[in-house]
Amino acid sequence: MHIRTQINLLALGMVVLTAFTIVGVAIYEKMVLHDDVQEEIYHLADREAEKIVQNVYLMAKAMQASQEETMIHNLRVAEKIFHEAGPLFFKSQQVLWQARNQYSGKIVPVSLPAMGVGGALLGQNSDPQCPSLVVDEVTRLVGGTCTIFQRMNEEGDMLRAATTVVNDEGRRAVGTYIPRTNPDGKENPVIAKILNGETFVGRAYVVNDWYITAYQPLWDAGKHRIVGILYVGIKSKELEALRRSIMDIVVGKTGYVYVLGATGGERGCYLISKDGKRDGENIWEERDDAGRPFIQNIIGKALSLPRKASAATSVASERYPWKNPGESNPRSKKVAISYFAPWDWVICAGYYEDDYIDSHNHVASALDDMIAKVSHVAFLAILVALLFSTAVARSLSIPLEKAVDVFQAVGRGQLDQRLDLRGPVEIQGLSLAFDTMVSNLKKITASRDELNREIEVRIKAEQDHRESERRFQAIFNQTFQYMALLAPDGSVVELNQAARETFSSEIPLSPDTAFWEGPWLRDLSEDQQRVEQAVRQAAGGVFARVESAYAHTEDRLRYVDASFKPVANEDGEVVYLIAEGRDITERKATEQALRDNESRYRKLYLEFYGLLNAIPDTLTLISSDFKIIWTNEASKNTFYEKSGDPSGQFCYAVWHNRSEPCMDCLVARCFGSGRTEDQLVRTPNGCSWGIKAFPMRDEKGQIVSVIHLASDITEKIRMREETERSGRLASLGQLAAGVAHEINNPNALILHNIPILKETWADVEAILDEFQARNGDFPLGRLPYSRLRGQIPRMYEQTLESSRRIKGIVEDLKDFVRQGDRRVQEPVNINGVVEFALRLVANTIRCSTDSFSVDYGEDVPEFMGMPQRIEQVVINLIMNACQALPDRRCAVRVETLYDAERRMSLVRVRDEGDGIPQETLAHILEPFFTTKRQQGGTGLGLSIVASIIKDHRGTIDFDSTLGLGTTVTVAFPVIQETV
């Protein structure tokens, strides 16, 4: 192919390749840009939906902050009105409520003390037209609703005692209550906050709807116990401006924003729907066109979003196919999701992806136009390149064809040829170079300089070799390790200076002497064998290492760690062995010393270990990360008998089954203070432990561990408490004697005067009757005489009875002081005592229960005692049983019987009351301990009962279950028969 054709093809090919490349790149970029534009459009749509969701979230958050601020203000107003109305108080009289759970609707009858404010009772007012204390005034001033709650029980359930919240029937929702535990088993957040003594502000369910609320605890007079709640709130539905703003938002062309309930009874319900048409509808089970429960997926993603402390809101997304009514095919829909926890809102901004397809089509059309224009320009470029390449090829081919002819002549030996070309600079340069080449070919000379340069290179190489050998010898002889160069058969080729100075200055270097036959191993046959074996192993191409002894010039053995490394030539044949050795005599001595020390320390450790294990108190060594390092046997037997060896485990996990350190950790305090810390701990089984923590420091004074010492001091504590109790009882006895003396004197005067006044009234009454008969009725002491005439004798009797009761209490106090002076005087029949006691408390029984029964045992033996004192015991137990009943439907049962096995007469009193908590049972027999202080209880009743029973060598036992009742059993030893 001629060069002219090649130049034309080359030029045209470059232009065609460039044009096709540009067009191809444009088409490729169009395809890539097509996808990128589509992705960017959808990305912008996603961002728009996310921004809308975030804006709605911020709107709700701003509204929440505004509403909560309003609620706090309203609560302050309610608090002021409440306090201005007067103090909160409770009457001894009981009010029966049919309390209704605001979630489940379940009704629970409950009897509570009457509640009032400022001297007026709240009552049970459910009529909106009838005014209620405090709550109506609060609602009038701030709007919304207001409630005063009363605590129902120890669990913390709160009953609406007065409220402006109305139920579905339009009545005040008094009698409904907030339970401590929600229907889903979780603790109610409002009650949890209140029982912690805190104020709750936020969204909460109230009777039958969701409200924006504020709750504040109400305390008793001593600020010791929370007895109720003061509440204000407005309905969530009253946030109409926010709802309208959300419903007016448009996403894309046809998308919209909606809000779903996330948990509880509103889970999956439309709280805000498109145009509000589906508000309240539950779509939890709704499925998309593919059959997936997309609503459940949306709510699940919302609840799993992280809670951010910054202003940015976490957003998730969900895509699903959806076919609206009237559409033939499903459309792809995407929704941005956020969760507003304070209101339990799942905020969703959804749009149809085909709403953005027009923008994408417009960009695709513009790209197609661009590719068409680029193709036209490329075609024109090819035509121009064809014309230009033809002209250039012609101007270049003519001089080259002439040069070819001249080159052929030179090749035939015609060295007188010359080129005389005209044209571009490159052609002229070719002509000049050709002429110069021909001229040089005529010169045949040898270059002496080239030969000299070769000689210099050889001399330099020899010098470098000698320098390398010198450096090797310097390293070989100056190293502190023993080194030797051996032949494959083990004979010594060369030793370095360290080896010669260490072993011997007269080392034979004869080819017949092997390395292991040297004088340093002459008398060590086993070491000779090991060294010979190592040398032969290295001669076989395998690295070998051996420890051996050698005879030193000082006539003592030393030890060396030797290695033998094979050196092979290009063919892989071992030609030399490099032997290296290190003196390890000192290391051997150190190892032996360590073994001796280990034996000594092991013995010391066993003695120390035995000493610590012999200590009866528990010892535990704990590291700075609260891991147990070591425990003695007493600790293992006490705390770890079932869990095995606790070493390496966290102390809080083993002792308290916790996943993190305890709040008031004695070990942590010891690490923090650097001092010895101590603590007294009482376990559920009644044991008392004295615990101390001692810091352990390293040589730098840093605390590295703590010794935890625990001693069982239960018996010591019990003896100390018994001593203190005896002292208190002695002091109480002295106090009771003084109080009895001071009360008895004025009460004796009352007992003396009342009979005289009664007799005087009898004389005066006849005169007054005669005066009334003549003059008609007249006022006497601000009351009509006709009304007062029948009441004055009852006043005398009531005053006299009260004075006698005072005298009885004084006698009880004296009896308490003289407990040790009792003398049993006569046989006592328990049936007769119970029968007499029942006559005395008959009125109390009739007022307390509709279900009372008594069962007298047959042939119950008598016992020695004072009947009046035993009657006091029975009366006290029956009165306590009647007072424990929550309502008249609960029963009281009294029975007497004989326990032949124990030889004791028994009287048993059972009630179906509320039961006695275990913490109260532990103190129920202590003097002056009472749970009825507000009802006038003195705390002496059961204490005196216990002392009377003790004087009669009897026993008293309590068996109580919360919510079921209490059984009290009193037993007295019967009279032993003699023959």
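## Briefing on a predicted protein chain

The protein chain exposes about 57500 Å², of which carbon and sulfur atoms supply 54%. The model described here is predicted. The protein chain contains 21 helices and 34 strands, and buried residues make up 36% of its 979 residues.

**Contacts along the chain**

- Among contacts in the protein chain between residues at least 6 apart in sequence, 54% link residues that are at least 24 apart.

**Nonpolar cores**

- In soluble globular proteins, nonpolar side chains tend to be buried together.
- The largest nonpolar core has 44 residues, and those touching the most other members are Ile148, Leu230, Val232, Val257, Trp345 and Ile347.
- Helix H1 (residues 3-85) contributes the largest share of this core, with 13 residues.
- A second, separate core consists of 34 residues, including Val833, Val873, Val945 and Ile948.
- Which residues does valine 232 touch, not counting residues up to four places away in sequence? They are Met71, Asn74, Leu75, Ala78, Val138, Thr145, Cys146, Ile212, Thr213 and Ala214.

**Packing of helices H17 and H19**

- Two packed helices are described by the angle between their axes and the distance between the axes.
- Helix H17 (residues 830-840) packs against helix H19 (residues 867-883) at an angle of about 55°, and their axes lie 9 Å apart.
- The crossing in which H17 passes H19 is right-handed.
- On the H17 side, the contact is made by Ile830, Val833, Val834, Phe836, Ala837, Leu838 and Leu840.
- On the H19 side, the contact is made by Pro867, Ile870, Glu871, Val874, Ile875 and Ile878.

- Alanine 634 is located in helix H12, which covers residues 633-639.
- Is alanine 634 buried or exposed? Alanine 634 has a relative accessible area of 13%, and it therefore counts as buried, since the cut-off is under 20%.
- Leaving aside its neighbours within four places in sequence, alanine 634 is in contact with Ile615, Pro616, Asp617 and Thr618.
- Alanine 634 and alanine 710 are separated by 76 residues in sequence, while their C-alpha atoms are 10.0 Å apart in space.

How values were computed: Residues are numbered from 1 along each chain as its sequence is written. This is a predicted model: local features need pLDDT of at least 70, side-chain atom pairs count only at pLDDT 80 or more; totals for chains, interfaces and linings use all residues. Side-chain values use heavy atoms; hydrogens and water are left out. Helices (H or I, at least four residues) and strands (E, at least two) are DSSP runs, numbered from the N terminus. Buried means under 20% relative accessible area, exposed over 50%, partly exposed in between (1.4 Å probe, protein chains only). Contact means heavy atoms within 4.5 Å. A nonpolar core is a set of buried Ala, Val, Leu, Ile, Met, Phe, Trp, Tyr and Cys residues joined through side-chain atoms within 4.5 Å. Accessible areas come from the Shrake-Rupley method with a 1.4 Å probe; for residues, only the protein chains shown count as cover. Axes are lines fitted to C-alpha atoms, for helices over the stretch in contact, and angles run from 0 to 180 degrees between N-to-C directions. A crossing is left-handed if the near helix is turned anticlockwise from the far one by less than a right angle, and right-handed if clockwise.
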